[in-house]
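Subject: Structure handover

Hello,

Here is the structure I promised to pass on. Please open it next to this email and follow along.

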Amino acid sequence: MRVYLDYNATTPVDSAVLEAMLPYLRDNFGNAGSVHTPGQRARAGVDAARESVAALIGAKPSEIVFTSGGTEADNLAVFGVVAASPGTRKHVITTSIEHHAVLHSCEELVRRGIEVTVVPVSQKRGADGVVDPGEIRRALRPETVLISVMHANNELGTIQPIEEIARIASEAGVRFHCDAVQSAGKIPVDVTALGADLLSISAHKFCGPKGVGALYVRSGTALAPRFYGGHAERDRRPGTENVPGIVGFGKAAELARKLLVEDSARIRGLRDRLESALLERIPGAQVNGDRTRRVPNTTNMTFANAGGEALLIALDLQGIAVSTGAACSSGSTEPSHVLLAAGLTHDEARSSLRFSLGRATTREEVERAIEVVPGVVERIRSLSPRAPVAAQSAAVPTR
Amino acid sequence: MISTSQFEISSDSPAEISASLSPSAETVAVAMSGGVDSSTVAAILRERGQPIVGLTMQLWNQRRLPQLQGEGPAPHRCCSLDDVHDARRVAEHLNIPFYVINFEREFENTVVRPFVEEYLAGRTPVPCTRCNNDVKFEHLHATARQIGAERIATGHYARVRHNAETGRYELLRAVDESKDQSYFLFGLTQEQLARAEFPLGELTKQEVREIARRLAVPVAEKPESQEICFVPSGSYVQFIESYVQEQERAGGETTKLGESGEIVSTSGEVMGHHNGLHNYTVGQRRGLGFAVGRPIFVVALDRATNRLIVGEDGDLRRSICEVRDVNWIPFATPDAPLRAKVRIRNRHEPAEAEILPLSENTARVSFVEPQRAITAGQAAVFYRGEMVLGGGWIA
């Protein structure tokens, strides 16, 4: 039995989404920018999808800019707002638990001479992984042009106090971007309620296809494009539209909106069952991130003295797919920046697993994981390699 | 010897083969480098119906010392992206589970840094042996066991067998003497040998290539890698300098690069100047920067006085050396001197010697005939016939 518990990395395309896309790979292959009938058919598909995606987040269709995914949406927001803002001295505020799509963009801003404040998150057990809006307020400067804070963290699932941060930004006259890639489709995301000027989402995190995402840009928000070469997406994101992808995105958004309440209640039940059973059966297991403010599908757990890399492989060999952190960081030696920011030690961060559930997760899958994980953790704990002898040169001088 | 004819391309799809596996069969981890040898090991075990899991170690990030890259990426290193890609391709072809495991930290601590420090201390290290002792048969092995594979198979040309009488595991030379790698495995403990499999030890290089072709292993025609995997284009001096500079920039605690000093003859006469002892190795003839009308060789590196000592060919010959961290394989530390053939570097023809154990893990080796360029930092490996008795590091 294959068990897939890595929905935060990506999700299977819903069959209704695939059905919606197929005509746009075959008959309706036109370029949405063309004048003729095939072009118009493609355009109609894109327009309908734009309405559906806008409806998912409470936006106007004209405020949706389709991109190649969440990373591009984040890049467009960060660089686009900074480039479009007046003045020579510019300052950006973000947090220590953002996705690398935002953090690495901010590192590039620093290389270009722009100042960036990275605000820490709470490390207090039980309230960890959540940013304090007061810290954002304290980081404000007269030259601050952008605040970027994610809605739900991809590794911990913790939900950030976006409304409060948006209010702080608005009072200070600073643009606010919210990376909602891991919250859209899992919890209600409404741009007006949240107060975001810009908001990123990605189709493949809620049963849509990979390679398509969107940036919501509130009407009147100045944004410089990152690409040049045509007038698609009202000049904000030129390039021939990924019509089948966008159509699939639209269908996925429609399903997410329709199924959100029902899905999230069911998934929360399964997640809680998994979490409590593992806590009960694995000595010393602990949950990372504030459990009262989390998306319903994610749990991040530390199993002290059981290396995450070996855990991941051993579980995969038993047919259970989970992850140690963001998929984008796999193969890296560095422990997760999110877990470190949330107060875990290097060893704890290296002994942690993320379980993330989704629409197709079944009770049987969860029960199978509950059956297998404790034994694997125990085996790995009992076979922990000898601690690396410090440089070994002192004890063995001639080698 | 295994005949190659028993390896036929199976008409079964890999999925069918794996379905027919006995569920009780124990999984073996195959250390896959992406080269032809370890790929063939995976293919052989797969063909036998052995449940296997392919593991590739990510050991060194080649982007780290970009000044060494020169013209494009170095091809066919153990951990270039290419080789990880090749290993993955082979695993895909064989339809076996496959994972890349990152051991960069362990590799740097136990292989790369000691390699640099050995050179800076005037010795000539054997990084492959340290990698076997401390990374491949230690950390990789531990991970393999954690994921449920008690044994590990590698592409080494050597043999291991259990002696029922003594209860010990024995290490033997490969059947193909030209490929024998037992020199690099002398440091394996009984526990490590007990869990090791070297399927190629019984085969010749020719047979391995043939099996690789028959089983359509994707890398069957790939050239062999010869050099130290983390040293691009074979320039270890450049590597050492770049590494030390990188460590200094990072504020790490590293031994400083050696400064220039005198080159003196065995009688103490100053012959010239060297530019740091790490540029030289015992027995070296070229690159001394002066000529005296007869062949002159590096005889010794004196770290204490920062002097390079040179002499004639005869000055290189010695009969006695002491070895440290001795590992005995078919028996525990003997309490009496014993005769053996001793190899003092990889391609050296083992020479008759008497080995006198001085303690649990030190010994004195006295050669019957003086040997040329016995070099500190290299391994002295003791052989009796095809059996490896043990070995240690030349002091």
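Among contacts in chain B between residues at least 6 apart in sequence, 66% link residues at least 24 apart. Keep in mind that this is a predicted model. Chain B has 395 residues, and 45% of them are buried. Its secondary structure comes to eight helices and 17 strands.

Now turn to chain A, starting with a sheet.

What is the order of the strands? The sheet is open and has seven strands, in the order S2-S8-S7-S6-S5-S3-S4 of chain A. The pairing is mixed. Which strands sit at the edges? They are S2 and S4 (115-119) of chain A, and each pairs on one side only. From one strand to the next, the twist averages 20 degrees.

S2(A) is joined to strand S8 (residues 213-217) of chain A by four bridges. These two strands run antiparallel. Look for Thr67(A), which stands opposite Gly213(A) in S8(A).

Another pair in chain A is S5 (residues 144-148) and S6 (residues 175-179). Three bridges join them, and they run parallel. Ile147(A) has Phe176(A) in S6(A) as its bridge partner. In general, strands of a sheet pair through backbone hydrogen bonds, either parallel or antiparallel.

A helix lies across part of this sheet. Helix H4 (residues 100-111) of chain A lies across S3 (91-95), S4, S5 and S6 of chain A. It runs at about 150 degrees to S3(A).

Next, a pair of helices. Two packed helices are described by the angle between their axes and the distance between the axes. Helix H8 (residues 243-281) and helix H12 (residues 363-382), both of chain A, pack at an angle of about 15 degrees. Their axes are 10 Å apart. Angles under 35 degrees count as roughly parallel, so H8(A) is roughly parallel to H12(A). H8(A) passes H12(A) in a right-handed crossing.

Which residues make the contact? From H8(A) come Leu270(A), Arg273(A), Leu274(A), Ala277(A), Leu278(A) and Arg281(A). From H12(A) come Arg363(A), Val366(A), Ala369(A), Ile370(A), Val373(A) and Pro374(A). Nine of the contact residues are nonpolar, none is polar and three are charged.

Ala48(A) is in helix H2 (residues 37-56) of chain A. Is Ala48(A) buried or partly exposed? It counts as partly exposed, because it has 17 C-beta neighbours inside 10 Å. Ala48(A) and Ile246(A) are 198 residues apart along the chain. Their C-alpha atoms are separated by 9.5 Å.

Pro335(A) is in the loop between strand S11 (320-321) and helix H10 (337-341) of chain A. Pro335(A) counts as buried, because it has 21 C-beta neighbours inside 10 Å. Leaving aside neighbours within four places in sequence, Pro335(A) is in contact with Leu340(A), His346(A), Ala349(A) and Arg350(A). Pro335(A) and Gln160(A) are 175 residues apart in sequence. In space they are 22 Å apart, C-alpha to C-alpha.

Best wishes

Terms used. Residues numbered from 1 in each chain as written. Chains lettered and ligands numbered in written order. Predicted model: local features only at pLDDT ≥ 70, side-chain atom pairs only at ≥ 80, totals over all residues. Pairing = 2+ DSSP bridges. Axes fitted to C-alpha atoms, helices over the stretch in contact; angles between N-to-C directions. Contact = placed C-beta atoms within 7 Å. Parallel < 35°, antiparallel > 145°, perpendicular 65-115°, else oblique. Left-handed = near helix turned anticlockwise from the far one by under 90°. Nonpolar A, V, L, I, M, F, W, Y, C, P; charged D, E, K, R; others polar. Buried ≥ 20, exposed ≤ 12 C-beta atoms within 10 Å, placed from the backbone.
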